[in-house]
Amino acid sequence: TTLAGALVMVSSLPSYSWGSIRLRPSMRLPLLAAIGLLAGALFTNPWPTLAILSVLYAGALPLAVRSYRRRSVRDAAGAA
């Protein structure tokens, strides 16, 4: 598991970044509450929480790759 995490960190796979996420003002408070619950879960049950977060991250990688490909095709079409 540690090796897989290390390989993903040094790979060139595209992934979502926090800076690219734009939140509506109505979603900021619920997201802040969810982050607080996540922090509480990390303190009370760290290993199951980290396992769930790892699965969610791994599930988001194919979506990020697909999004990156769509954007690069759109940018290439716009530049031509």
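Let me begin with a definition: the expected span of a helix is 1.5 Å times one less than its number of residues, and helices here are DSSP runs of H or I of at least four residues, numbered from the N terminus. What we are looking at is a predicted model, in which local features need pLDDT of at least 70 and side-chain atom pairs count only at pLDDT 80 or more, while totals for chains, interfaces and linings use all residues. Residues are numbered from 1 along each chain as its sequence is written, and side-chain values use heavy atoms, with hydrogens and water left out.

Helix α3, then, has 34 residues and reaches 47 Å from its first C-alpha to its last, which is close to the 50 Å expected at 1.5 Å a residue. There is a bend of about 25° at L61, with a proline, P62, following within four residues; the bend at a residue is the angle between axes fitted to the seven residues ending there and the seven starting there.

Which residues of α3 are buried? They are T49, L61, A64 and V65, where buried means under 20% relative accessible area, exposed over 50%, and partly exposed in between, with a 1.4 Å probe and protein chains only. These buried residues pack against α1 (2-10) and α2, contact meaning heavy atoms within 4.5 Å.

Leaving aside residues up to four places away in sequence, T49 touches L38, A41 and L42. L42 belongs to helix α2 and, at a relative accessible area of 32%, is partly exposed.

A64, for its part, lies 9.8 Å from S17 in space, C-alpha to C-alpha, although the two are 47 residues apart in sequence. S17 sits in the loop between α1 and α2, and counts as partly exposed because its relative accessibility is 39%.

Note on methods:
Helices (H or I, at least four residues) and strands (E, at least two) are DSSP runs, numbered from the N terminus.
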